[in-house]
Amino acid sequence: MAEAPIRTRLAANWNQVCEQVAEAAQQAGRSRDDVHIVGVTKYVDAATTAMLVEAGCRSLGENRPQQLWDKAESIRSRDPIQWHLIGHLQRNKVRRTLRYHPLIHSIDSLRLLDAIAAAATDETESNSAAPIDVLLEVNVSGEEAKTGFDESELDSVINQLPRPGVNVLGLMAMAGWGTDPGEARRQFARTREIRDRLAKLCGLPLATLSMGMSNDFAAAIAEGATIVRIGSALYEGIDH
Ligand SMILES: *Cc1c(COP(=O)(O)O)cnc(C)c1O
């Protein structure tokens, strides 16, 4: 596909997703500004990702650290890009990842949280002086294959907060594969309830709920999502 039609189609898809998110917010009686869209770019190359930024999407999500690094290095934009790491982070990739100050959605072990806190408070590491914003990933679908903490594990993590080096802003969750919309919505509601309980326990607001993807973001917004992570809907009609 030539570049111009991709650019046009991406911009149209981006605008449509923005409208659908606004509509879902309105139907939920929420303000559009309370829901932030992360454009998930794991399916496309750096050139296409750059076009998405031009279309207006300034928050980009990658699920592999290496791809986040590569794109963060190669994409030059006049407007600052906020990176989001939404997939598993290996501990040996923490330091490199922190260079790009992403919001890390996918904290799935206490050891990973420890590694991030240690890297962020290491004064010999000049590039990561600020605390790192993170979310705890919770496995609400109960699927073996899914990553994230089981609910029962979260209390002991929360008991260690607040701690230097990391700002735990809230939770991230994914509905199970192939769940129908009703079941997805119940899982999102469950995530919000878990958040409410944990927030009381630790005294932090845990205001961020990252939940909802192309197929279920309206249900997630109805249940309080503050970040939706949208990939495939942005690339409809584009070969990738
Ligand atoms: C791929 C991915 C998304 C985007 O999913 P789509 O269905 O393509 O919108 C969202 N969150 C995570 C964690 C992902 O890996």
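When I say that two residues touch or are in contact, I mean that they have heavy atoms within 4.5 Å. Please bear in mind that this is a predicted model, in which local features need pLDDT of at least 70 and side-chain atom pairs count only at pLDDT 80 or more, while totals for chains, interfaces and linings use all residues. Residues are numbered from 1 along each chain as its sequence is written, and side-chain values use heavy atoms, with hydrogens and water left out.

Let me start with Glu137, which lies in strand β5, residues 132-137, where helices (H or I, at least four residues) and strands (E, at least two) are DSSP runs numbered from the N terminus. Leaving out residues up to four places away in sequence, Glu137 touches His105, Ser106, Ile107, Thr147, Gly148, Phe149, Met172 and Met174. Glu137 is buried and yet has no salt bridge, the nearest side chain of opposite charge being that of Arg229, 7.2 Å away. Here buried means under 20% relative accessible area, with exposed over 50% and partly exposed in between, using a 1.4 Å probe and protein chains only. A salt bridge is a side-chain nitrogen of Lys or Arg within 4 Å of a carboxyl oxygen of Asp or Glu, and for charge, Lys and Arg count as positive and Asp and Glu as negative, with His and the chain ends not counted.

The side chain of Asp108 makes a polar contact of 2.8 Å with the side chain of His88, and beyond its neighbours within four places in sequence, Asp108 is in contact with His88, Thr147, Gly148 and Phe149.

Finally, Arg229 brings us to strand β8, residues 227-230, where Ile227 and Arg229 on one side and Val228 and Ile230 on the other are all buried. Val38 stands opposite Arg229 in β8.

Technical notes. Pairing = 2+ DSSP bridges. Polar contact = N/O pair within 3.5 Å; in protein donor to acceptor, adjacent residues only side chain to side chain.
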